[in-house]
Amino acid sequence: MRILSAILGGLLLSASASAEDENHLIWTESQLAELQQLVEARPSEGLEDCAITAFDQPNSATDPNRRSRLATVAANELMMAHLEGCSPSSVRAQWRIGSDDAKIDTRSLLMQALVRDDLTAYFNALRPRNPHYRALREAYATEADREKRATLAVNLERWRWMPLIMGEKYLLVNAASFEATLWENGEAVRTWPVIVGKARTPTPIFDATVSGAILNPWWEIPTSIVAEGIGSMVRNNPARARSRGYVYQDGRYRQRPGPGNALGQMKLVMPNAYSVYLHDTPNKNLFSEEVRTFSHGCIRVGGAIDLVKTLLAGSATAEEVDDILASRKTTRLSTTKPIPIYIAYFTAEGASDGTVSYFPDVYGRDNLKLAQNERATACAA
């Protein structure tokens with residue numbers, strides 16, 4: 001939370017501010033009017049279903065303390081709506097991207113906003129900061145088509161589920177658009193095409209940390225994939241298995257490094273509970289397909305070597321990477337700093353020019369009530 005506080009400009013007050021202190025906040029008439037405008041404007045970004053306490057209740061006009069207490073409650077509710085959205089936890093069950101947003105001391109933020117008389121600025125600071133959100137929000141405010149509005153609303157909500165502070169440098173994989181994007185200082189700097197899981201083995205939604213890459217990796221074959229035929233090949237046709245690099249060692253099935261290795265020439269080091277990774281692939285032809293749902297859940301990257309050279313900049317030169325790849329020796333290299341990675345799913349994506357791109361809902365996740373029943377899959381270790 002120290003980093004978050006710093007990025008918010010050090011505007012958080014002491015967390016020791018008590019509920020009693022808060023209840024004694026007195027709002028000015030102009031601040032109450034500003035809050036009312038903000039509450040009434042929430043449908044413009046898909047927050048119309050968020051319940052906000054009415055603070056202009058009967059008799060409140062003659063009781064300034066009561067009206068201020070109700071306004072404080074309403075303001076905090078609206079703040080949390082911008083930070084976390086309004087969906088029940090069951091709907092977010094399959095969105096396994098961690099966020100500390102709920103821990104932000106919104107009470108203290110509100111106190112400071114009233115002292116400085118800049119309420120609108122504080123609400124703006126608590127909205128998702130990625131420019132994709134801003135573009136979707138602007139599109140939602142004017143979109144007349146019902147289906148597109150529904151899609152925009154779902155994706156605005158997904159952005160609210162993301163961490164407010166995603167990092168100065170991070171990777172964002174959008175499984176719906178089949179792209180991985182490197183972001184730095186709030187701008188998209190590089191993009192690579194990806195292949196994601198099939199409909200029956202969808203790529204899960206989660207976050208992890210990239211600490212490096214393995215060049216010329218072994219493939220530790222998951223049990224589910226062994227059962228599809230590799231196991232019987234190793235047992236019944238060992239010559240064919242060897243020609244494809246498959247071996248059985250120490251009680252596990254593996255594939256040796258080489259041109260036919262399922263992980264290609266690299267995989268990112270990004271430990272996670274799903275055994276899902278970004279990696280290379282020998283099947284480059286599949287990147288020409290518009291809808292790229294071909295894997296068991298892992299994420300195959302087009303231009304994987306360019307990606308790894310980009311992420312390893314500062315710790316290994318492009319020439320050093322090429323030499324290691326040519327050696328066929330399995331080698332692990334570290335990034336200069338850990339890089340957050342978010343595996344997400346956005347079926348609508350905004351651009352800096354205000355246009356919006358829509359992508360097929362290949363996993364049926366836009367129906368949030370159905371998406372919560374989706375099972376996670378593992379693919380490669």
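**View 1. Strand 13 and its partners in a predicted model.** In this predicted model, Asp207 has Tyr342 of strand 13 as its bridge partner. Strand 5, residues 205-215, and strand 13 run antiparallel and are joined by 9 bridges. Strand 13 covers residues 331-344 and also pairs with strand 2, residues 169-174. Strands 2 and 13 run parallel, with 4 bridges between them.

**View 2. The disulfide between Cys50 and Cys86.** The chain has 1 disulfide. It joins Cys50 to Cys86, with an S to S distance of 1.3 Å. The two cysteines are 36 residues apart and link distant parts of the chain. Cys50 lies in the loop between helix 3 (29-40) and helix 4 (64-84), while Cys86 lies in the loop between helix 4 and strand 1 (95-96). The torsion about the S-S bond is about 85 degrees, so the disulfide is right-handed. Is each cysteine buried or partly exposed? Cys50 has a relative accessible area of 5% and is buried. Cys86, at 33% relative accessibility, is partly exposed.

**View 3. Ser68 in helix 4.** Ser68 is found in helix 4. Its relative accessibility is 2%, so Ser68 counts as buried, the cut-off being under 20%. Which residues does Ser68 touch, leaving aside those up to four places away in sequence? They are Leu25, Ile26 and Trp27.

View 4. Helix 8 consists of 16 residues, 146-161. At 1.5 Å a residue, helix 8 should span 22 Å, and its end C-alpha atoms are 23 Å apart, which agrees. At the start of helix 8, a side-chain oxygen of Asp145 comes to within 3.1 Å of the backbone nitrogen of Glu147. Which residues of helix 8 are buried? They are Thr151, Leu152, Val154, Asn155, Leu156, Glu157, Arg158, Trp159, Arg160 and Trp161.

**View 5. The chain as the setting for the close-ups.** The secondary structure comes to 13 helices and 15 strands. The chain has 381 residues, and 50% of them are buried. Of the contacts between residues at least 6 apart in sequence, 70% join residues at least 24 apart. The chain exposes about 17,900 Å², and carbon and sulfur atoms supply 49% of this area.

Terms used:
Residues are numbered from 1 along each chain as its sequence is written. This is a predicted model: local features need pLDDT of at least 70, side-chain atom pairs count only at pLDDT 80 or more; totals for chains, interfaces and linings use all residues. Side-chain values use heavy atoms; hydrogens and water are left out. A disulfide is a pair of cysteine sulfur atoms within 2.5 Å. Buried means under 20% relative accessible area, exposed over 50%, partly exposed in between (1.4 Å probe, protein chains only). Two strands pair if DSSP finds at least two bridges between them. Contact means heavy atoms within 4.5 Å. Accessible areas come from the Shrake-Rupley method with a 1.4 Å probe; for residues, only the protein chains shown count as cover. The expected span of a helix is 1.5 Å times one less than its number of residues. A polar contact is a pair of N or O atoms within 3.5 Å; within protein, one must be able to donate a hydrogen and the other to accept it, and residues adjacent in sequence count only if both atoms are side-chain atoms.
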